[in-house]
Amino acid sequence: MRRLLISTLLLLAVAPAQGAQGKLVGEFDAAIRNVQPWGAYTVVASGRVYDTTGAPAPRLANATVHFPRGASLRSAFLSRRYWCDGSKLLTNPDPALCRNAQFATGSLLLDARPAIEDPVPASIWLFLERGGAHGSQAGIVILVRANERSPAWNFDVLHGYLIREPASASRFGYRLELPTTLQPLLPQVTLSLISMNLRIPGLRQSRRVSVCLRRAHGRCLRRGKRTKRSFWLRVPRCPRGHKVAFGADYAFLGANPISKQRDVSCSRFQKTKGQGKGEIPG
C-alpha cells in the first residue's frame, strides 16, 4: 500500500511521459496576492494531473520544491510558538490544534479507480514544526483529511523538510522535500492525484513596540506604541535579470520524471519596502 500527496507550491508544467497509449499531462497556475508594504504576500496555486487515455495518473514517488535565493525563513518563526506537534493530529485530526503553526490550506481531488469509481475529495493543512532532521532548518507537518466517509481513505499526518540548497544551486536558496503517499484503508485501493488548490498566506507576527513620537535636541520628549509586523519569509533577492526562480522535481512510478523551473518577475513584490538585505525595491 502506498500513499500520495501533492502539497505547498506544486510547480507542475505540461510534460509528456511514456505510457501504454497516452501521455501524462501536468498543469499548473499560480499567482501572488495581497502584497503588503511590510513584506507579506499570499500565494494562490492550482494544479491538475491526468493521462490522455482517461486512465488514473501514475502515483508520485517523490517531490521537491525549490524556492528563490533569499526567500529564507526568519529566525523569529523558528520557535516553539510556531511549531505543530504532529502526534496530536494523529489522535485528533483537528487543524485548530496547530493554529499558530498553520501557513497554508487547500484541497485535493484523488483518483481511487478501479476500486472506487467516484473521485475522493480531501482538504489539506500545512504547519511548521521543529527542524533538524535530514539537516533541515524547519520541518513541515501536513494534515490530509477526506471530506466525506469513504472506503478508500480517512486521513493522514505526514512530515516534510525545509533544507538549505547547496551553493551550486545559484538561483535557489531552499528546497522543500515533501511526503508523497497516503495510506488507503483497503489494500486493493491506490490513490492518484487529479487536482489540487492551495492558498499560502504564510505566518505573520504582530507585536507592540515603544517608539519616540516627538524628539527635540537629540532627546525623546514623548513616547508611544506602534504595531510592528513581520512575515515568515524574507523577500527574495532580485537578480540582474529581474526575475526570481522557483523549481520543482517530480518522480512518478512507471513514468518519466518532470523537472521544471518557473521565473517570476520581481515586480510581483514591488509593494514591499524596508525588508533589509534581499529587498526588492518598490
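Predicted model: local features only at pLDDT ≥ 70, side-chain atom pairs only at ≥ 80, totals over all residues.
Local features were considered at pLDDT of at least 70 and side-chain atom pairs at pLDDT 80 or more, while totals for chains, interfaces and linings use all residues. Residues are numbered from 1 along each chain as its sequence is written, and side-chain values use heavy atoms, without hydrogens or water.

Gln205 lies in strand E10, residues 204-216. Strands are DSSP runs of E, at least two residues long, numbered from the N terminus. Gln205 is buried, at a relative accessible area of 11%. Buried denotes under 20%, exposed over 50%, and partly exposed the range in between (1.4 Å probe, protein chains only). Contacts, defined by heavy atoms within 4.5 Å, link Gln205 to Ala76, Phe77, Arg81, Tyr82, Lys228, Arg229 and Ser230, with residues up to four places away in sequence not counted.

Lys228 belongs to strand E11, residues 219-231. Its relative accessible area is 39%, and Lys228 is therefore partly exposed. Beyond neighbours within four places in sequence, Lys228 contacts Gln205, Ser206, Arg207 and Val209. Lys228 and Trp38 are 190 residues apart in sequence, with a C-alpha to C-alpha separation of 9.0 Å.

In soluble globular proteins, nonpolar side chains tend to be buried together. A nonpolar core is a set of buried Ala, Val, Leu, Ile, Met, Phe, Trp, Tyr and Cys residues joined through side-chain atoms within 4.5 Å. The largest such core has 58 residues; Tyr41, Leu73, Phe103, Leu108, Trp232 and Tyr250 touch the most other members. Apart from that core lies another, of 9 residues, including Cys84, Leu89, Cys98 and Phe127.

Key. Helix = DSSP H or I, 4+ residues; strand = E, 2+ residues; numbered from the N terminus.
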